[in-house]
Amino acid sequence: MQIPFASSARSSLGVEWELQLVDRQSRELSAGAIEVLEEIRPDGEDEHPKAKHELLQSTVEVITGVCTTVGEAKADLAATVAEVAAAADRRGLGLLCAGTHPFTDWQTQLISPKERYLQLVERMQWLARRLQIFGVHVHVGVRSPDKAMPIVTALTQYVPHFLALSASSPFWVGCDTGLASARSKVFEGMPTAGLPMQLPDWPGFEHYMETLITTGAIESVREVWWDIRPHPGFGTVELRICDGLPTLEEVGVVAALSQCLVEQFDGQLDRGYTLPTPPEWVLRENKWRAARYGLDADVIVDEKGTVRPVRQALLDLAEDLAPTARRLGCEGELAGVERVLAVGASYQRQRAAALASDGDLRAVVDGLLAELRDGLPAAGPASGPEGPVPGPSACAGGHAA
């Protein structure tokens, strides 16, 4: 089975941002995507070119065109978000982004009336119906299919970095899960989601996809939802590990990290280097640590079991990538790593908001609405809760909210 790879300009960039529509009164997720997207659809077109349906009718995905710099991608997203926000506001709806909604029950959600989503739910049932989760995906252009799988494999060592920095889903259906990223664990329930297979080259990827398709496991390559995957149709490597990010500034940070890492690996391949293949047990353990502890995780950095705080690993990574960022014009966005560490990742800011309001998660929604509108706060919480925010006794263990 041959899978054509539409080679892209080196380090070209595309970003996808999944936004939640919430009722401004109840703060619950609200099914308004059909009406919002119809209002902003250009005359004579089937759909808006940069605002799309997602699985749930309470979601609008905004996407960029093919960009050269992170700044260009941010401006592209901002323009589309402004259109969506105005149409949503006229319906009493607000926009926010986080890996999960703090308290809406996924069982109340309506599926978008698109055939592929209906087929997905029919096949996956409960696994698909509970996908009330939201993420940010970053595509970086790669010129050759021969480079795609080595870059995908090498990028996996940075899964905990991206996940800890973006973690924004501590709450699930009104309860504090005790995790920094519940979204990542919910999504792993899908049979073709999670860490990518360590395949040696493009023919190996083609053979694996052929096996999945011929055995009926999937119908197309699009149904393989790895945390990092090649996207043959776009000619990119796609990083899908990040939780939904509340602010455009944070989207810029992860886009800069993504673009710089792919650019660096691309150059190393050109110079004849063999990119690393991290041990699978380390990858699994590090992803779990980032999902559980977020920026407080200690990650394993070698096969001997040496551990290091992920905060320091992120600062070191940003420093290592600074020369590449200067060449790509994203030095400012990459420096945003320090700012996020200073104010706290979203899961920390959300827990602080819940604690300050005696566990009222509507305050968390209000904070997320404000952040998408106004950007990162000037300062983070003075101190965060040591563990889950106390909440309803119906929550697991009677302690986690």
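This is a predicted model: local features need pLDDT of at least 70, side-chain atom pairs count only at pLDDT 80 or more; totals for chains, interfaces and linings use all residues.
Let me start with strand β3, residues 59–63, where five of the five residues are buried, so that the strand is mostly covered. If we look at how the side chains are arranged, T59, E61 and I63 point one way from β3, while V60 and V62 point the other way, and residues on both faces are buried. I would draw your attention to E61, which is among the buried residues here.

Which strands does β3 pair with? On one hand there is strand β1, residues 13–23, which runs antiparallel to β3 and is joined to β3 by five bridges; within that pairing, Q20 has T59 of β3 as its bridge partner. On the other hand there is strand β2, residues 51–53, which is also antiparallel to β3 and is joined to β3 by three bridges, with A51 standing opposite V62. The β2 and β3 strands form a hairpin, and five residues lie between them.

Now, β1 also takes us to another strand, because β1 and β5 run antiparallel and are joined by five bridges. In that pairing, the bridge partner of V15 is V138 of β5.

Strand β5 itself covers residues 136–141, and since six of its six residues are buried, the strand is largely enclosed by the rest of the structure.

Let me turn, finally, to the helices. Helix α9, residues 248–270, packs against helix α11, residues 310–328, at an angle of about 85°, and their axes are 9 Å apart. That angle falls between 65 and 115 degrees, which means that α9 is roughly perpendicular to α11. From α9, the contact is made by L257, Q259, C260, L261, E263 and Q264, and from α11 by L317, D320, L321, T324, A325, R327 and L328. Sorted by class, the residues in this contact are seven nonpolar, three polar and three charged.

Conventions
Residues are numbered from 1 along each chain as its sequence is written. Side-chain values use heavy atoms; hydrogens and water are left out. Axes are lines fitted to C-alpha atoms, for helices over the stretch in contact, and angles run from 0 to 180 degrees between N-to-C directions. Helices (H or I, at least four residues) and strands (E, at least two) are DSSP runs, numbered from the N terminus. Angles under 35 degrees count as roughly parallel, over 145 as roughly antiparallel, 65 to 115 as roughly perpendicular and the rest as oblique. Contact means heavy atoms within 4.5 Å. Ala, Val, Leu, Ile, Met, Phe, Trp, Tyr, Cys and Pro count as nonpolar, Asp, Glu, Lys and Arg as charged, and the others, Gly among them, as polar. Buried means under 20% relative accessible area, exposed over 50%, partly exposed in between (1.4 Å probe, protein chains only). Two strands pair if DSSP finds at least two bridges between them.
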